[in-house]
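Please look at the sequence and the model before reading the points below.

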Amino acid sequence: MIRPFGDASRVHNQDVYALWDRLAEFSVADGDAALIHLLSTLRTMLSARNVLWGVVVRLPSPKRADPLLGWRPRLVRVLDPIPAVAASVQKQYDTPWSNDVDLSQILSMSGDEPFRVRLLFEALPPEWFEGKHYRRHYLDIGFADSISVRICAQ
C-alpha cells in the first residue's frame with residue numbers, strides 16, 4: 001500500500017488543538033488569511049505536496065439519476081496553484097456539471113456522512129488507477145494519491 005502522506009501517527013492531538021486555537025484568532029474579515037494558514041499547516045502536518053480546499057453544495061431538487069445525489073462544487077482553492085494543478089482542478093470542477101462524472105468524483109462528493117476521510121487507494125478499485133482520469137488528474141501532475149475530508153455543515 002502506498003502511503004504518500006508519510007507517518008500520520010506523527011500528527012498529535014496538541015498539533016490539531018494548536019491549529020484550531022490559531023484559527024480562532026483570525027477575524028471574520030481575515031477569512032482568506034485563515035484559509036491559507038489552515039492549508040499551509042495541513043500541508044506541513046500531513047507532509048503533503050499541496051492542499052486543496054473545496055466547498056460543495058447540494059442542489060435542492062437533484063435529478064433522479066444524478067450520480068452525485070445533487071452535490072456540486074461551489075468553491076475550490078488550491079494552496080499552490082501551479083499551472084498543471086490549476087488546469088486539472090478546473091477540469092474536475094467543471095466536469096460534475098456535465099454528464100461525464102468519474103467514480104472518484106462520485107466518491108468524494110456524494111453521500112450523507114457528516115464527517116469522512118478517504119484516501120484514493122483505500123476507496124477506489126485497483127482498475128481505476130489504470131484509467132485516463134487517474135493519469136490526467138494525478139500522475140500527469142505529479143501526484144500518486146490524495147486524501148479527501150468531508151465536514152458537513154448543516
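The model is predicted, so local features require a pLDDT of at least 70 and side-chain atom pairs count only at pLDDT 80 or more, while totals for chains, interfaces and linings use all residues. Residues are numbered from 1 along each chain as its sequence is written, and side-chain values use heavy atoms, with hydrogens and water left out.

**Overall fold**

- The protein contains 6 helices and 4 strands; these are DSSP runs, with helices being H or I of at least four residues and strands being E of at least two, numbered from the N terminus.
- Their order along the sequence is α-α-β-β-α-α-β-α-α-β.
- The C-alpha trace spans about 45 × 40 × 30 Å along its principal axes.
- Of the contacts with a separation of 6 or more, 60% join residues 24 or more positions apart; a contact means heavy atoms within 4.5 Å.

**Surface and burial**

- Buried residues make up 30% of the 154 residues; buried means under 20% relative accessible area, exposed means over 50%, and partly exposed lies in between (1.4 Å probe, protein chains only).

**Nonpolar cores**

- The largest nonpolar core has 11 residues, including Val78, Leu120, Trp128, Phe129 and Phe143; such a core is a set of buried Ala, Val, Leu, Ile, Met, Phe, Trp, Tyr and Cys residues joined through side-chain atoms within 4.5 Å.
- Apart from this core lies another, of 10 residues, among them Leu19, Ala34, Leu38 and Leu79.
- Beyond residues up to four places away in sequence, Phe129 touches Leu120, Phe121, Leu124 and Tyr134.

**Individual residues**

- Val57 lies in strand 1 (residues 52-58) and is partly exposed, with a relative accessible area of 36%.
- Leaving aside residues up to four places away in sequence, Val57 touches Gly70, Trp71, Arg72 and Arg74.
- Most residues other than glycine have a negative phi.
- Ser47, in the loop between helix 2 (31-46) and strand 1, has a positive phi near 55°.
- Leu69, in the loop between strand 1 and strand 2 (71-78), also has a positive phi, near 55°, and is partly exposed at 41% relative accessibility.
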